[in-house]
Amino acid sequence: MKSDNKPDVCVVGLGYIGLPTAAVIARAGCKVLGLDVSQAVVDTINRGEIHIEEVDLDGLVQGVVSRGLLSASTAIAPADVFVIAVPTPFDKNHAPDISYVLAAGRSVAPVLKAGDVVILESTSPVGTTEQLRDLIAELRPDLKIPYGDKGGLARDTPDISIAYCPERVLPGRILEELTNNDRSIGGITPRCARKALAFYKRFVRGECVTTDARSAEMTKLVENAYRDVNIAFANELSMVADRMGLDVWEVIRLANRHPRVNILTPGPGVGGHCIAVDPWFIVHGAPDETPLIRTARGVNDHKMHHVIAKAEALLEADPHAKVACLGLAFKANIDDFRESPARFVTSRLARKFGSRIHVVEPYAAQLPIEFTDTGAVQIDIDDALETCEILIVLVDHDVFRVVPLAERADKLVYDTRGIWPDQPRVVREEAAKLALAG
Ligand code: SAJ
């Protein structure tokens, strides 16, 4: 560590979490090296630019790069703290793939020295931090490695510290939440947790709570599974309401007046790369004990197909009507289209109904690749309101939410997000009837 007592930091992986994290640590005055396998990403950051969209990130990165606090490279270098923020996808059987974490461990191991702290932030199945520790132990037999309760080395003071500290930031609010959210910090040993805690205290204003690595790993998975299960309840209610000809929004609004009831919001399904993925890590770890979590995943995935069937029924009932699908993003007011139910539904409709489908997505410069040759076109919300008779609301972007009733009162609306509670009831009932017939 340098004389100013600020650790040099290496952040491995410069994606949606790694880059904002690197920038926030640099803003706290630490010298940060960002490591990424992509030369294009590295070049972009070294120019003071960014390759992802996130509120206020451009100015922050530009500032810390120009002050010499953040630089990027494809090559590892020695540091005092290593933060690993790489993807942990799942395979086609929903089994977690931690190969990027282990690859990051292989890059870091050769430059480790006594006193260093290695922190894993990637969402990971329980036991991953210990696997990372075992890998480092194998690659660096010269270092004393922390073992917690396991192994005869427990009483030796280890040379390095290893901890797990999951991020829990919301896309669109990453910089704010990186600083203000509480953090769970799980050490391989309590000493490891304390070392990591001292590091996070440099840039986190939220409370940092220490625990063991396995509990911290599980905590992250539980947070997203909790949300998935609760959204599944809302989505299941919406399908029940369709079957019974009820307005689910009205039912939820009324039920939520109970002091201990807080039902979440139905939608066209659950998107993004966290809530739809992480519950599988728990299911994979305990397949016989997770019928609820598994079923919730199934309900949320099924909701997309329910929306497609309902939309198809509407379109087939009026074969000449032009249709506007509102939104492609996985949630409101962001430009992230990965794992998006809205995108899935719209592309299915485009494949079936071709040029009848008009896509409105203010956050997309052009339609994604799967729309090529379908005949579907992109238009703006004003054109959609002027020319389309059917509106299918798939994303609750503010720009859709503010459309006044006068401009949509005569439309046949299928609102999967409940953004227009004032839409004439007769229209909604007609839509529900058509869907049931379908
Ligand atoms: N959604 C609904 N109904 C709701 C809430 C959400 O249909 O009532 C849908 C959204 O439209 C979207 C999906 O769920 O398709 C996920 O959106 P989200 O805003 O709930 O969450 P993410 O995926 O953007 O971020 C989540 C957050 N986790 C929790 O809220 C427990 C975030 O704090 C995590 O850091 C992030 O996952 C992550 O990286 O794991």
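The model is predicted, so some thresholds apply: local features need pLDDT of at least 70, side-chain atom pairs count only at pLDDT 80 or more, and totals for chains, interfaces and linings use all residues. Residues are numbered from 1 along each chain as its sequence is written, and side-chain values use heavy atoms, with hydrogens and water left out.

Let us begin with the sheet. Eight strands form an open sheet with mixed pairing, in the order S3-S2-S1-S4-S5-S6-S7-S8. At its edges sit S3 and strand S8 (208–212), each of which pairs on one side only. On average, neighbouring strands of this sheet are turned by 25° against each other, direction ignored. The labels come from DSSP runs numbered from the N terminus, where helices are H or I with at least four residues and strands are E with at least two. Two strands pair if DSSP finds at least two bridges between them. For the angle, axes are lines fitted to C-alpha atoms, for helices over the stretch in contact, and angles run from 0 to 180 degrees between N-to-C directions.

Inside the sheet, strand S1 (residues 9–12) pairs with S4 in the parallel sense over four bridges. Cys10 stands opposite Phe82 in S4. As background, strands of a sheet pair through backbone hydrogen bonds, either parallel or antiparallel.

Next comes helix H1 (residues 18–27), which is mostly covered, with nine of its ten residues buried. Here buried means under 20% relative accessible area, exposed means over 50%, and partly exposed lies in between (1.4 Å probe, protein chains only). Among the buried residues of H1 are Leu19, Val24 and Ile25. Just after H1, Gly29 takes a positive phi of about 100°.

Now move to the loop between S3 and S4, where Ala79 is found. Ala79 is buried, at a relative accessible area of 4%.

The charged side chains come next. The structure holds 22 salt bridges, each being a side-chain nitrogen of Lys or Arg within 4 Å of a carboxyl oxygen of Asp or Glu. Side chains of opposite charge can pair when their charged atoms come close. Together, Asp80, Lys113 and Asp116 are linked in a network of salt bridges. Asp80 is buried at 9% relative accessible area, and Asp116 is buried at 1%, whereas Lys113 is partly exposed at 33%.

Another salt bridge joins Arg173 and Glu177, whose closest N and O atoms are 2.9 Å apart. Arg173 counts as partly exposed at 40% relative accessibility, while Glu177 counts as buried at 11%.

The ligand is our next stop. It is surrounded by 21 residues, and the closest are Val169, Lys220, Asn224, Thr265 and Phe330; a residue is near a molecule or strand if one of its heavy atoms lies within 4 Å of it. Helix H8 (residues 213–244) gives the largest share of this shell, five residues.

An N or O atom in the side chain of Asn224 is 2.7 Å from a ligand oxygen, the corresponding distance for Lys331 is 2.8 Å, and for a polar side-chain atom of Glu167 it is 2.9 Å. Taken alone the ligand exposes 770 Å², and the protein buries 88% of that. Such accessible areas come from the Shrake-Rupley method with a 1.4 Å probe; for residues, only the protein chains shown count as cover.

We finish in helix H12 (residues 341–353), where Ser347 lies. Ser347 counts as buried at 5% relative accessibility. A polar atom of the Ser347 side chain lies 3.1 Å from the backbone oxygen of Phe344.

Definitions and conventions:
Polar contact = N/O pair within 3.5 Å; in protein donor to acceptor, adjacent residues only side chain to side chain.
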